[in-house]
Amino acid sequence: MEILVVGTGAREHALARTLSLDPGVTGVHVAPGNPGIAQRATLHAVDPLDGEAVAALARSLGVDLVVVGPEAPLVAGVADAVRAAGIPVFGPSAQAARLEGSKSFAKDVMAAAGVPTAAAHVATTLDEVAAALDAFGAPYVVKEDGLAAGKGVVVTDDREAALAHAAACLAKEGGSVVVEEYLDGPEVSLFVLCDGTDVVPLVPAQDFKRALDGDQGPNTGGMGAYSPLPWAPEGLVDEVVETVARPTVAEMARRGTPFVGVLYCGLALTSRGLRVVEFNARFGDPETQVVLARLASPLADVLLAAAQGRLAELEPLHWRADAAVTVVVASAGYPGEIRTGDPITGLDAAETVPGVHVLHAGTAVRTTGDDPENPLNDPLLVSAGGRVLSVVGVGETLAEARRAAYVAVDQVNLAGAQHRTDIALAVSEAAAG
């Protein structure tokens, strides 16, 4: 099987790495990819938002499957263009991707499907926002209605900060916000593979959204994740499948927009029971990095079965007993104004740590310019985004996986880099006694 993955980040690196290790895969292509992915796949300089260009590339390569990684190409209709070319594609149509592209649309679908979620008001003016904030009370939850790369949500006790975030969102063309009741309890991420009719869940993970230790600082796209969740209640996955995933997929089919791809269920285990915090229409980043590290079944067969509407034919997925922890190394300033172009070294040393692999997110290769650190003008790996690397540790226990990941992080050299030091710390300590 030849496969084309669309995207540039650590999620796509994780997908390409897992597919390249699949004995049934003869070739992996990624458009446009990044320098780390180039070690596992053939890169193609194609705009990931240009559906016709992606479809043309898929035709020219003769691939058997296209996997669309990020949300922006899905919302832009890249999967539609590939399907129209007659090529199997893992990823929802633009209409179905509105489950992520519009939080108000997702709320409407959840209401119609009877899916448990937070009460919410959609607001298009500051007066409406203020009224909703007062109705729900603190902590205040304000979400940008459209795509925001994981950084469009503010949860705060400061009413003025909530209003300021809403004002910034409303100032955008067609801007609207969703004001929600606050959901207490721990959060869980569960990916559910969908073929328009049937669903197959993966294993749960938990990510860390805040920039700083102790869940302090601003929201980010995610600073780390781990799996499994030893504290998760027994039967959680079955409950999510029956009360969230199946009703949502059925409702999307009823509307004539069948959902094919990953339904990312962001969940809160509240004092009043399970609630959906959000839906995404793709694999989550950084949770994908730990979930795929534990998958023992061939990934390509699973994704192709979903793309072709054959999930019901699949044998149950097999999972490694190992635990996985990923720590994100971010650029200086992230998630605000970031600094890029800093050299990155130490990755070879990091990958010599047993159980560790390093995935690239925001990296580039610099080969021009008068660089005093590189007088011979050799290709130099540099930072090129907010989240730069995902360092993944795998071990028999969460404590071992965590230890491996942090030993490897200490080998990475990137000026001004930041990372959280408490990824999976509490759960590891609890498991240790």
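Let's sort the residue types out before anything else: Ala, Val, Leu, Ile, Met, Phe, Trp, Tyr, Cys and Pro count as nonpolar, Asp, Glu, Lys and Arg as charged, and the others, Gly among them, as polar. What you're looking at is a predicted model, where local features need pLDDT of at least 70 and side-chain atom pairs count only at pLDDT 80 or more, while totals for chains, interfaces and linings use all residues. Residues are numbered from 1 along each chain as its sequence is written, and side-chain values use heavy atoms, leaving out hydrogens and water.

Start with the open sheet, whose four strands run in the order β11-β10-β16-β17 with antiparallel pairing. Strands here are DSSP runs of E with at least two residues, helices are runs of H or I with at least four, and both are numbered from the N terminus; two strands pair if DSSP finds at least two bridges between them. At the edges sit β11 (199-201) and β17 (273-280), each pairing on one side only. Strands β10 (residues 187-195) and β16 (residues 260-270) share nine bridges, and Ser-189 stands opposite Gly-266 in β16.

Now find helix α9 (residues 236-254), which packs on the sheet and touches β10, β11, β16 and β17. Contact means heavy atoms within 4.5 Å. The direction of α9 makes about 50° with that of β17, while helix α11 (residues 299-307) lies across β10 and β16 at about 65° to β10. For these angles, axes are lines fitted to C-alpha atoms, for helices over the stretch in contact, and angles run from 0 to 180 degrees between N-to-C directions.
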